[in-house]
Amino acid sequence: MSRKQVFQFLDLPREMPKRIPLELRTSGDWGELYGKFGQAEAAHQSGRCLDCGNPYCSWKCPVHNAIPQWLQLVQENRILEAAELCHSTNPLPEVCGRVCPQDRLCEGSCTLNDGFGAVTIGAVEKYIVDTAFERGWRPDLSEVVPTGKRVAVIGAGPAGIGCADRLARAGIHAVVYDRYEQIGGLLQFGIPTFKLDKSVIATRREVLEGMGIEFRLGVEVGKDVAIEQLLEEYDAVFLGTGAYRYTDGGLPGQEAEGVLPALPFLVQNGRIVAGNDPWGRPIAGWEDKIKLPDLSGKRVVVLGGGDTGMDCVRSSIRLGAGKVTCAYRRDEASMPGSAREVGNAREEGVRFLFNRQPLAIEADAEGRATGVRVVETRLGEPDARGRRNAVPIEGSESVIEADVVIIAFGFSPEVPEWMQALGIEGTPNGRIVAGGADRLPYQTTHPRVFAGGDAVRGADLVVTAVAEGRDAAQGIAELLAVEAQPAEPATA
Ligand code: FAD
Ligand code: SF4
């Protein structure tokens with residue numbers, strides 16, 4: 001590499017792909033916010049990589065992508081090889097390139113982040129895979145030798161897809177069951193289109209089916225089919241069932257009209273944006289909450305500062321709300337979501353109130369929400385996980401006026417009865433116990449059942465779910481004594 005090339009970052013600033021203009025976003029445009037690089041832009045941005053020798057970006061990336069190597073391939077316009085390399089570590093690179101909180105992961109640890117602006121790793125990853133798909137590239141499994149083994153994967157979210165992809169590459173036939181009519185899990189029905197266009201999932205489904213993966217959709221395990229039956233029919237089972245236990249916060253007054261749980265709100269928006277019902281089935285237990293209120297001109301307060309909260313505030317803006325406020329009980333630096341998404345929300349007109357802990361929902365005589373009573377907080381001592389607690393400040397109570405309150409406190413997993421009946425153990429907070437000293441990677445307390453993703457970690461990220469599904473496939477392959485695709489980064 002010439003000296004000029006090494007110092008390209010001095011002449012070329014960090015640049016993201018163009019975004020949909022603000023006036024469209026704030027007047028109801030649900031299109032994917034970031035556009036796509038062309039080859040010249042992708043090569044320029046890739047050329048900013050210093051190739052610093054110690055790729056912190058790769059180590060910080062949960063799937064350990066071979067980032068400097070594929071950035072080099074993009075500069076040389078060797079896109080199909082770059083796509084091959086992306087897939088050697090990541091079964092869903094085009095999705096991660098779009099939705100990973102890169103500022104906390106790969107880009108956050110880029111050497112150039114220190115003053116020059118990180119290489120736009122996620123946008124280049126998206127460029128590579130979208131371009132390769134457009135050119136007809138598909139994973140080449142022609143040398144894979146079928147083992148005759150069969151595995152049932154429960155859950156077609158990122159964890160299940162990550163697992164099925166690696167099983168197929170190891171010659172193991174994967175049959176993926178999901179209770180909904182489409183694949184993707186929260187990618188399909190949780191994450192809004194302005195972060196992830198649903199055509200991306202449709203293309204990925206076609207790719208996965210081309211790899212020989214079979215989907216049985218609209219089938220709920222534990223209801224439509226028993227797991228015991230799957231264990232009879234298959235050599236092993238993978239559980240990628242996600243985290244859906246809603247944390248409602250138990251706020252006094254939360255039964256008031258106008259108070260909504262976050263996920264049904266987002267799901268319903270997804271249906272409206274798609275112009276139809278994405279799965280064709282109602283969400284069990286949530287039917288009465290799923291009617292979308294008319295937000296035009298309304299004051300919306302979203303409680304919670306994670307990815308779900310950000311999706312709710314930005315969806316409210318697109319639905320024409322008059323004033324949108326996000327109230328979070330810690331400070332901005334402690335927000336669990338992506339800083340980039342917070343920046344986008346702020347630009348779209350969302351007001352942030354930090355260090356506000358909700359105490360109760362206020363309502364009028366007709367039972368309609370009128371506001372949220374909050375108390376100001378300061379950060380106290382770190383808890384067991386190292387996060388500083390929010391400590392209420394006495395005498396600092398106030399009311400944030402609201403017509404609609406969206407509760408986005410998060411989700412946690414649970415071990416349902418049908419799993420418990422099989423001897424699958426969970427932790428006290430509902431995570432499936434998987435892996436550990438005497439077990440294979442991601443093996444549960446049932447020897448032929450493995451698990452990964454949000455069901456094991458608790459609600460987290462797409463990329464960590466993909467990583468766990470991928471690595472669980474390795475454990476399954478070990479159990480079935482066939483060699484799986486290596487999970488470590490390959491070199492170009
Ligand atoms: P899921 O995606 O939840 O998939 C689980 C699947 O299992 C579902 O399809 C479900 O239908 C199926 N299932 C469950 N039980 C059964 C059963 N008994 N029978 C059949 N099927 C079953 N992460 C990011 O990295 N970036 C983001 O920007 C981001 N935004 C988010 C926004 C929202 C609103 C939410 C809720 C989450 C967001 N996340 C984001 C988190 C991310 O979506 C999850 O961490 C990830 O999807 C977890 O993958 P998973 O495969 O473990 O579970
Ligand atoms: Fe970055 Fe996520 Fe891609 Fe890893 S998978 S390189 S963390 S965008």
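How many cavities of 30 Å³ or more does this structure come to? In this predicted model, the count comes to five cavities of 30 Å³ or more, and the structure also holds 32 salt bridges.

**The largest cavity**

- Rolling a probe the size of a water molecule over the atoms shows where empty space is left.
- In the largest cavity, that space amounts to about 150 Å³, and of the 16 residues that line the largest cavity, Y34, G97, R98, K126 and R340 are the closest to its centre.
- Three helices, α8 (93–99), α9 (121–134) and α16 (339–347), each supply at least two residues of the lining of the largest cavity, and α9 provides the largest share, which is three residues.
- When the lining of the largest cavity is divided by class, six residues are nonpolar, four are polar and six are charged.

**The second largest cavity**

- The second largest cavity has a volume of about 120 Å³, and 15 residues line the second largest cavity, with C49, C52, C57, C110 and T111 lying nearest its centre.
- Helices α5 (56–60) and α6 (67–75) each contribute at least two residues to the lining of the second largest cavity, and α6 gives the most, with three residues.
- In the lining of the second largest cavity, twelve residues are nonpolar, two are polar and one is charged.

- Side chains of opposite charge can pair when their charged atoms come close.
- One of the salt bridges joins the side chains of R19 and E347, with a distance of 3.0 Å from N to O. Because R19 lies in the loop between α2 (8–11) and α3 (22–25) while E347 lies in helix α16, this pair ties together parts that are 328 residues apart in sequence.
- R19 counts as partly exposed, with a relative accessibility of 34%, and E347 is also partly exposed, with a relative accessible area of 35%.
- Another salt bridge brings together the side chains of E134 and K36, at 3.7 Å from N to O. Since E134 belongs to helix α9 and K36 to the loop between α3 and α4 (39–46), the pair ties together parts that are 98 residues apart in sequence.
- Is E134 buried or exposed? E134 is exposed, because its relative accessible area is 60% and a value over 50% counts as exposed, whereas K36, with a relative accessible area of 48%, is partly exposed.

**A further pair and a network**

- The side chains of R78 and E81 also meet in a salt bridge, with 2.7 Å from N to O.
- Both partners of that pair are partly exposed, R78 at 34% relative accessibility and E81 at 41%.
- Which residues are linked with R19 in a network of salt bridges? The network links R19, R25, R314, R318, R340, E341, E347 and E348, and R340 is also among the residues closest to the centre of the largest cavity.

Terms used
Residues are numbered from 1 along each chain as its sequence is written. Chains are lettered from A and ligands numbered from 1 in the order in which they are written. This is a predicted model: local features need pLDDT of at least 70, side-chain atom pairs count only at pLDDT 80 or more; totals for chains, interfaces and linings use all residues. Side-chain values use heavy atoms; hydrogens and water are left out. On a 1 Å grid over the protein atoms alone, a cavity is a set of points where a 1.4 Å probe fits but cannot get out, and a pocket is an open set with protein on both sides within 12 Å along at least five of seven lines; lining residues have an atom within 4 Å of a point. Grid points are joined across faces, edges and corners, and a volume is the space filled by probe spheres set on the points. Helices (H or I, at least four residues) and strands (E, at least two) are DSSP runs, numbered from the N terminus. Ala, Val, Leu, Ile, Met, Phe, Trp, Tyr, Cys and Pro count as nonpolar, Asp, Glu, Lys and Arg as charged, and the others, Gly among them, as polar. A salt bridge is a side-chain nitrogen of Lys or Arg within 4 Å of a carboxyl oxygen of Asp or Glu. Buried means under 20% relative accessible area, exposed over 50%, partly exposed in between (1.4 Å probe, protein chains only).
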